[in-house]
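Please read this report with the coordinates open beside it, since it moves between helix packing, annotated positions and backbone geometry.

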Amino acid sequence: MTLQSNLRINGERLWDTIAAMAEIGPGVRGGNNRQTLTDADAEGRKLFRRWCDEAGLATTVDRMGTMFARRAGAEPDLPPVMIGSHLDTQPTGGRYDGVLGVLGALEVVRTLNDLGIRTRHPIEVVNWTDEEGTRFAPAMLASGVFAGVHDLDWAYARTDAAGKTLGAELERIGFKGDAPVGGRTIRALFELHIEQGPILEDEGIDIGVVTHGQGLKWLQVTLTGKESHTGSTPMPKRRNAGLGMARVTELVHEVAMDYQPDAVGAIGHMEVYPNSRNIIPGRTVFTIDIRSPDKRVLDEMDARIRGGVATICEALAISHEIEQVGHFDPVAFDPACVKAVRDAAERLGYSHRDIVSGAGHDACWINRVAPTAMVFCPCVDGLSHNEDELIYPEWATAGANVLFHAAVETAGIVP
């Protein structure tokens with residue numbers, strides 16, 4: 001049974017809900033700093049749980065802190081259709097990255113309640129823990145444990161810059177649940193997200209039908225030289241870890257440019273020790289982020305960068321260590337779920353195009369254990385992971401409408 005095309009979510013209510021969540025963990029210029037397992041994250045989780053209670057959903061929390069808010073199906077023993085994303089943000093994050101997916105999913109079940117529609121399969125709204133990976137690397141950590149990619153105890157032992165562990169912080173904020181992580185059947189998962197790129201806006205397209213996701217590798221590099229005085233150490237005798245980081249930065253850019261048009265690479269996180277004006281850096285720690293939709297290309301980039309780092313360090317008489325702190329292979333999303341998204345966009349009259357996700361998402365891991373697809377809406381200038389991140393109400397509404405139709409039809413409508 002197909003939903004009628006005139007059935008839509010309440011876009012104004014969705015926009016108001018996003019604005020209310022944005023008041024928690026405000027940034028300095030309109031965005032958000034609601035990093036995972038901080039007090040702000042706990043406050044956002046509590047507000048989300050209250051909204052789920054008001055919508056009649058039964059919320060459970062698993063041992064990784066992921067929240068599952070279930071709307072019962074007419075056949076409660078059937079596996080659920082999951083819809084959602086994440087509420088944690090970057091330190092200087094926007095209002096919509098992840099949040100649109102969670103609150104758009106909440107709006108789906110609110111609309112089902114408004115319309116009195118029953119589904120055969122239960123529907124679960126999901127808020128995954130630590131998608132961003134900023135405070136506790138790697139990214140998509142809880143969904144990775146759910147999918148069996150990471151070990152639970154290993155995840156608990158991940159530390160932030162202050163040496164605090166993820167497991168201890170889960171307990172501190174009161175969101176270390178009792179439910180097992182993963183190991184259960186899922187009918188399908190749909191994740192709504194902003195594109196985080198410029199393609200949809202540049203082309204004037206309403207909906208991105210995500211068919212694939214880029215593969216990713218995060219390489220944390222530590223370069224060790226020798227601290228010494230910047231004024232009195234002769235240039236030939238310097239063992240400058242800062243210079244090494246600069247040359248590796250150039251290397252990463254050159255390697256990514258050799259695999260155009262799809263490959264990308266950059267260094268984002270950087271730490272310099274002792275970070276004093278008149279001391280040559282004796283140690284640098286930084287993370288290389290490389291991505292490609294082609295696994296062969298991703299592996300070649302990895303090998304070239306590792307070899308290049310070794311060559312750079314030998315020339316500068318410094319040592320190096322490389323630890324892979326994040327990785328997933330390129331993803332092909334489920335054809336039936338992708339078709340459900342495309343059909344929904346067609347039925348609702350939205351312009352749409354197939355698109356490859358340049359960013360990692362929880363759906364990339366869940367795709368290993370369940371049929372999965374994603375819905376993209378545009379964002380202004382493709383800007384994300386930035387407080388100036390911006391979408392418009394009509395974009396959010398269109399994305400949530402497509403999510404509504406694709407997820408509900410996958411869950412099955414009771415006549």
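This is a predicted model: local features need pLDDT of at least 70, side-chain atom pairs count only at pLDDT 80 or more; totals for chains, interfaces and linings use all residues.

The report below treats the helix pairs, then the annotated sites, then some backbone details.

**Helix packing**

| Helix pair | Axes come within | Crossing angle |
|---|---|---|
| α1 (residues 11-22) and α2 | 10 Å | roughly 150° |
| α2 (residues 39-54) and α3 (residues 99-115) | 10 Å | roughly 15° |
| α10 (residues 335-348) and α12 (residues 393-411) | 8 Å | roughly 125° |

With a crossing angle of roughly 150°, α1 and α2 are roughly antiparallel to each other, because angles over 145 degrees fall in that class. Thr17, Ala20 and Met21 in α1 meet Gly44, Leu47, Phe48 and Trp51 in α2, and this contact comprises five nonpolar, two polar and no charged residues.

Helix α2 also packs on α3, where the crossing angle is roughly 15°; α2 and α3 are therefore roughly parallel to each other, the limit for that class being under 35 degrees. The crossing of α2 and α3 is left-handed. On the α2 side the contact is made by Phe48, Trp51 and Cys52, and on the α3 side by Val102, Leu103, Leu106 and Arg110. The residues of this contact divide into six nonpolar, no polar and one charged.

From α10 the contact draws on Ala340, Val341, Ala344, Ala345, Arg347 and Leu348, while α12 contributes Asn401, Val402, His405, Ala406, Glu409 and Thr410. Sorted by class, the contact of α10 with α12 holds seven nonpolar, three polar and two charged residues.

**Annotated positions**

An unreviewed UniProt entry places the feature "binding site" at Asp97, Glu132 and His385. These positions span 289 residues in sequence, yet no two of their C-alpha atoms are more than 9.7 Å apart, so they gather at one spot. Asp97, Glu132 and His385 from this set belong to the lining of the second largest cavity.

For "binding site", UniProt (unreviewed entry) also lists His86, Asp97 and His193. Although this set is spread over 108 residues of sequence, its members cluster in space, with a largest C-alpha distance of 9.8 Å. From this set, the lining of the second largest cavity takes in Asp97.

**Backbone details**

Most residues other than glycine have a negative phi, and most peptide bonds are trans. Against that background, the peptide bond from Ala137 to Pro138 is cis, with omega near 5°, and Pro138 is placed in the loop between β4 (123-127) and α4 (141-146). Another cis peptide bond joins Tyr273 and Pro274, where omega is about 5°, and Pro274 lies in the loop between β9 (264-273) and β10 (279-280). Leu37, a residue other than glycine, has a positive phi near 65° and is found in the loop between α1 and α2.

Conventions. Residues are numbered from 1 along each chain as its sequence is written. Side-chain values use heavy atoms; hydrogens and water are left out. Axes are lines fitted to C-alpha atoms, for helices over the stretch in contact, and angles run from 0 to 180 degrees between N-to-C directions. Helices (H or I, at least four residues) and strands (E, at least two) are DSSP runs, numbered from the N terminus. Angles under 35 degrees count as roughly parallel, over 145 as roughly antiparallel, 65 to 115 as roughly perpendicular and the rest as oblique. A crossing is left-handed if the near helix is turned anticlockwise from the far one by less than a right angle, and right-handed if clockwise. Contact means heavy atoms within 4.5 Å. Ala, Val, Leu, Ile, Met, Phe, Trp, Tyr, Cys and Pro count as nonpolar, Asp, Glu, Lys and Arg as charged, and the others, Gly among them, as polar. UniProt positions are given in the numbering used here, feature names are shortened, and annotations may be inferred rather than shown by experiment. On a 1 Å grid over the protein atoms alone, a cavity is a set of points where a 1.4 Å probe fits but cannot get out, and a pocket is an open set with protein on both sides within 12 Å along at least five of seven lines; lining residues have an atom within 4 Å of a point.
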